[in-house]
Amino acid sequence: MTDLISVRGLTKSFGDRPVLRGIDFAVPEGTVTVVIGPSGSGKTTVLRSLNALELPDGGTVTVGSETLDFAAGEPGRAALARYRAQSAMVFQSHNLFPHKTALENVTEGPIVVQRRPAGDVEAEARALLDRVGLADHADKYPHQLSGGQQQRVGIARALALRPKVVLFDEPTSALDPELVGGVLTVMRDLATEGRTMVVVTHEMAFARDVADQVLFVDGGKVLESGPPAEVIGDPQQARTREFLDRILHPL
Ligand SMILES: Nc1ncnc2c1ncn2[C@@H]1O[C@H](COP(=O)(O)OP(=O)(O)OP(=O)(O)O)[C@@H](O)[C@H]1O
Ligand SMILES: [Mg+2]
């Protein structure tokens with residue numbers, strides 16, 4: 001399978017504090033990569049680098065047809081825009097426009113940023129809201145939706161941008177437990193359809209069932225990677241075992 005994402009030697013410091021210390025991995029097209037690791041290990045920074053929301057200090061990232069080489073200095077605006085258009089991000093929570101309906105939240109990016117025709121975009125947005133189980137909620141405002149429904153609007157909004165890859169940063173960790181399942185079900189369906197996804201999550205059952213590869217990130221490095229049966233089922237590194245033990249057997 002062709003790699004849709006390729007990350008080489010990514011480094012990033014905040015001030016004099018190194019946060020990414022040489023991150024390497026590849027994501028074949030149509031596969032799901034789950035990123036796990038302790039708090040502060042750099043998971044979000046890796047994900048934000050994939051969307052160029054964060055600009056690393058060194059290394060290269062390729063997503064789809066676009067490559068950024070951070071060692072060559074800051075990329076130009078046009079290169080950044082082309083690069084960012086390859087992916088879309090689903091955040092932890094609280095990022096819908098509060099004064100726009102679910103439908104308007106989904107159509108905003110394609111109409112305003114991508115300048116696609118409003119009629120086409122709206123038809124596609126309604127189909128996407130249907131896909132995430134919200135056909136009847138298109139005209140509701142975020143405050144009229146549950147946290148889980150808001151997250152599913154966020155997923156529809158990401159898909160409406162027609163990205164080659166969807167990036168998820170702990171999409172269920174801010175939800176009440178009874179709302180987590182509905183969001184994970186939508187994500188499982190997307191994986192089954194062959195969507196390329198990179199997912200930061202602590203949901204180990206999801207990782208085990210859905211991931212093609214798991215990356216264990218610790219101290220700004222990928223300490224261990226491979227299929228879930230290896231990284232989660234039979235971890236080789238002591239740090240991975242300690243982390244999984246804490247996640248799978250909380251006090
Ligand atoms: N904008 C920033 N300015 C300064 N330091 C930052 C910034 N963003 C992240 N950091 C630091 O970089 C390190 C890695 O942060 P990151 O958010 O990538 O970790 P994470 O693995 O996603 O953690 P968590 O599981 O808590 O979400 C942390 O020590 C964090 O404090
Ligand atoms: Mg994070």
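Axes are lines fitted to C-alpha atoms, for helices over the stretch in contact, and angles run from 0 to 180 degrees between N-to-C directions. The model is predicted, so local features need pLDDT of at least 70 and side-chain atom pairs count only at pLDDT 80 or more, while totals for chains, interfaces and linings use all residues. Residues are numbered from 1 along each chain as its sequence is written, chains are lettered from A and ligands numbered from 1 in the order in which they are written, and side-chain values use heavy atoms, with hydrogens and water left out.

**Exercise 1.** Determine how the axes of H5 and H6 are arranged, and which residues make the contact.

*Solution.* Helices (H or I, at least four residues) and strands (E, at least two) are DSSP runs, numbered from the N terminus.
- Step 1: The two axes, of H5 and H6, cross at roughly 20 degrees and come within 8 Å.
- Step 2: H5 is therefore roughly parallel to H6; angles under 35 degrees count as roughly parallel, over 145 as roughly antiparallel, 65 to 115 as roughly perpendicular and the rest as oblique.
- Step 3: H5 and H6 form a right-handed crossing. A crossing is right-handed if the near helix is turned clockwise from the far one by less than a right angle, and left-handed if anticlockwise.
- Step 4: H5 contributes Gly147, Gly148, Gln151, Arg152, Ile155 and Leu159 to the contact, and H6 contributes Leu179, Gly182, Val183, Val186, Met187 and Leu190. Contact means heavy atoms within 4.5 Å.

**Exercise 2.** Describe the span of H4 and state where its buried residues lie.

*Solution.* 
- Step 1: H4 covers residues 118-131, 14 residues in total, and reaches 20 Å from its first C-alpha to its last. This is close to the expected 20 Å, the expectation being 1.5 Å times one less than the number of residues.
- Step 2: Val121, Ala125, Leu128 and Leu129 are the buried residues of H4 (buried is under 20% relative accessible area, exposed over 50%, partly exposed in between, with a 1.4 Å probe and protein chains only).
- Step 3: These buried residues line one face of H4, because they fall within an arc of 100 degrees when seen down its axis; the arc is that of the directions from the helix axis to the C-beta atoms.
- Step 4: Exposed Gly119, Asp120 and Ala123 sit on the face of H4 turned away from the buried side.
- Step 5: The cover over the buried residues of H4 includes H3 (102-113) and H5 (147-160).

**Exercise 3.** Characterise the packing of H3 against H4.

*Solution.* 
- Step 1: The axes of H3 and H4 cross at roughly 130 degrees and come within 9 Å.
- Step 2: H3 and H4 are therefore oblique to each other, and H3 passes H4 in a right-handed crossing.
- Step 3: From H3, Ala102, Leu103, Val106, Thr107, Pro110 and Ile111 meet Ala118, Val121, Glu122, Ala125, Arg126 and Leu129 of H4.

**Exercise 4.** Is Arg115 buried or exposed, and is Glu170 buried or exposed?

*Solution.* 
- Step 1: Arg115 lies in the loop between H3 and H4 and has a positive phi near 55 degrees, although it is a residue other than glycine.
- Step 2: Arg115 counts as exposed, because its relative accessibility is 72%.
- Step 3: Glu170, in the loop between strand E7 (165-169) and helix H6 (177-192), is not a glycine either, yet has a positive phi of about 45 degrees.
- Step 4: Glu170 counts as buried, because its relative accessibility is 15%.
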